[in-house]
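Biologist: Please show me the model, and then we can go through some of its packing.

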Amino acid sequence: MSAPLIEVRQLVKRFDEGEAAVTVLKGLDLSIGTHEMVALLGPSGSGKSTLLTILGTLMQPTSGSYRMLGLELAGAKDRALTEFRNSHIGFVFQFHHLLPDFTALENVVFPAAARRGREAAADRARGAELLDRVGLADRMHFPATKLSGGQKQRVAIARALMNQPELVLADEPTGNLDRESASYVMDLITEINREEATSFLISTHDETIAGRCKRQIRMVDGQVQTG
Ligand SMILES: Nc1ncnc2c1ncn2[C@@H]1O[C@H](COP(=O)(O)OP(=O)(O)O)[C@@H](O)[C@H]1O
Ligand SMILES: [Mg+2]
């Protein structure tokens, strides 16, 4: 069997807030392969966002190993992590975090421009293709503020895919949407996961949303339980 896309071993995260130190991740093990679509379940406060933030290389674990694409990322230098993140990881958050004064297309193209220091014509073409893919071809030049909640989240998905990441981390991506928009967002993720070599890890406390993923893992007492 080929190496998994990500491999987490004995991951620990402790927050030291003066007297009140709290250990959120307690020796967590997790492997995710290429092309997987995995739900991360757990009640509020169970550590889902903490785990996704570490997997996204936006925060370092207290101890343990985190390998992605065969590289050890726990303890790696900030500069190397930024470069790695921009090339290999996409993010979708509960609140879309779009730039309000930018159009849908400008928001989608932004990661490529940020990565390269400038925007290329090919980036706009890929951005347009991605917006078409998420059903927003006719909203390309709308400012982000003129889009509905569901549409904004579809723009956020297109943006996450811009740099062709191997992994997309989605932190409660449907948490702020009505049932119908949430279902549409899950349809899209399923379709993209089927057609592209992108793995998705989607945190949610909604069993119905989790049931749309091929595999479910659960945060229990700072570790993950499979099945
Ligand atoms: N930066 C931080 N400093 C201190 N405690 C934190 C920090 N971030 C998260 N926590 C704590 O870690 C626990 C897990 O939080 P979180 O990962 O946001 O859970 P979830 O996403 O499952 O709701 C909570 O008890 C929270 O208060
Ligand atoms: Mg959270």
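**Packing in the predicted model**

Modeller: Threonine 50 is found in helix 1 (residues 48-55), where helices are DSSP runs of H or I with at least four residues, and strands are runs of E with at least two, numbered from the N terminus. This is a predicted model, in which local features need pLDDT of at least 70, side-chain atom pairs count only at pLDDT 80 or more, and totals for chains, interfaces and linings use all residues. Residues are numbered from 1 along each chain as its sequence is written, and side-chain values use heavy atoms, with hydrogens and water left out.

Biologist: Does threonine 50 count as buried or exposed?

Modeller: Buried means under 20% relative accessible area, exposed over 50%, and partly exposed in between (1.4 Å probe, protein chains only). Because its relative accessibility is 12%, threonine 50 counts as buried.

Biologist: At what angle do helix 4 and helix 5 pack?

Modeller: Axes are lines fitted to C-alpha atoms, for helices over the stretch in contact, and angles run from 0 to 180 degrees between N-to-C directions. For helix 4 (residues 121-133) and helix 5 (residues 149-161), the axes are 9 Å apart and the angle is about 135°.

Biologist: Which residues does phenylalanine 200 touch?

Modeller: Residues up to four places away in sequence are not counted. Phenylalanine 200 then touches Glu36, Met37, Val38, Leu161, Val168, Ile189, Ile192 and Asn193.

Methods. Chains lettered and ligands numbered in written order. Contact = heavy atoms within 4.5 Å.
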